[in-house]
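I opened this structure with my notebook beside me and went through it piece by piece. Here are my entries, in the order I made them.

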Amino acid sequence: MFSKNKNNRDVKTLNEEKKNASPSVLSADLTIVGDLTGSGEIQINGKVEGDIRCRTLIVGVNAQIHGSVQADSIRVYGCIDGHLCARSVFLAGTARVVGEVTHEDLEMESGAYLEGNCRHTDDPVSYTHLTL
């Protein structure tokens with residue numbers, strides 16, 4: 001009843017649920033004032049005034065973020081005013097970023113607007129310049 005294998009199976013199930021969790025989506029008519037933290041994917045279509053930390057961030061075309069962002073992967077189609085720190089950063093042609101970008105891999109489409117510094121590092125997630 002209280003075997004060690006059962007406990008290990010429960011932990012494994014919890015870890016699988018985290019991996020298979022649905023993305024969190026903030027709709028276009030939503031404004032958040034405060035920090036967001038998540039262990040999965042967050043898609044923002046509205047406005048956020050605060051810092052964001054997650055595994056994957058997708059910034060929609062009409063989205064506006066005012067704050068620092070730290071993630072493994074960031075895909076920007078909208079506007080960010082603040083520092084970005086991620087292993088992989090993609091700026092679409094519709095993206096508008098004002099601030100420092102610390103990255104391992106950076107991809108920009110033609111038309112993307114970036115005002116600020118880009119800094120390449122092998123481990124951007126542990127980069128100490130950002131304090132979230």
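**Entry on H120**

I looked up H120 and found it in strand 15. Strands here are DSSP runs of E with at least two residues, helices are runs of H or I with at least four, and both are numbered from the N terminus. This is a predicted model, where local features need pLDDT of at least 70 and side-chain atom pairs count only at pLDDT 80 or more, while totals for chains, interfaces and linings use all residues. Residues are numbered from 1 along each chain as its sequence is written, and side-chain values use heavy atoms, with hydrogens and water left out.

What does H120 touch, beyond its neighbours within four places in sequence? I found H103 and E104 in contact with it, where contact means heavy atoms within 4.5 Å. The H120 side chain also reaches the backbone oxygen of E104 at 3.1 Å. That is a polar contact: a pair of N or O atoms within 3.5 Å, where within protein one must be able to donate a hydrogen and the other to accept it, and residues adjacent in sequence count only if both atoms are side-chain atoms. I also checked H120 against L106: they are 14 residues apart along the chain, and their C-alpha atoms are separated by 8.5 Å.

Next I followed the pairing from strand 15. Strands 13 and 15 (residues 118–120) run parallel and are joined by three bridges; two strands pair if DSSP finds at least two bridges between them. Across this pairing, T102 stands opposite R119 of strand 15. Strand 13 (residues 101–108) is also joined to strand 11 (residues 84–91), by seven bridges and again in parallel. There I noted F90, whose bridge partner in strand 13 is E107. A reminder to myself: strands of a sheet pair through backbone hydrogen bonds, either parallel or antiparallel.

**Entry on E100**

Is E100 buried or exposed? E100 counts as buried because its relative accessibility is 10%; buried means under 20% relative accessible area, exposed over 50% and partly exposed in between, using a 1.4 Å probe and protein chains only. I located E100 in the loop between strand 12 (96–98) and strand 13. Its side chain makes a polar contact of 3.4 Å with the side chain of T102.

I then moved to strand 7. T56 and I58 point one way from this strand, L57 and V59 point the other way, and all are buried.

Strand 7 is joined to strand 4 by four bridges, running parallel, and Q43 stands opposite I58. Strand 7 also pairs with strand 9 in the parallel sense over four bridges, with S73 in strand 9 as the bridge partner of T56.

**Entry on the nonpolar core**

Which residues have the most contacts inside the largest nonpolar core? They are I44, I52, L57, I65, I74, V76 and L84, in a core of 24 residues. Such a core is a set of buried Ala, Val, Leu, Ile, Met, Phe, Trp, Tyr and Cys residues joined through side-chain atoms within 4.5 Å. Strands 4 (41–44), 7 (56–59), 9 (69–76) and 11 each supply at least two of its residues.

Apart from neighbours within four places in sequence, its contacts include L57, V69, L84 and F90.

I traced an open sheet of six strands in the order 2-5-8-10-12-14, with parallel pairing. Strand 2 (31–33) and strand 14 (113–115) are the edges, each pairing on one side only. At the strand 2 end, three bridges pair strand 2 with strand 5 (residues 47–49) in the parallel sense, and I32 stands opposite V48.

I80 is in strand 10 (residues 79–81), and it counts as buried because its relative accessibility is 2%. Not counting residues up to four places away in sequence, I80 touches V59, I65, G67, R96, V97 and V98. Its C-alpha atom is separated by 5.9 Å from that of Q64, 16 residues apart along the chain.

**Entry on the whole chain**

Last, I wrote down the totals. The chain has one helix and 15 strands, and buried residues make up 34% of its 132 residues.
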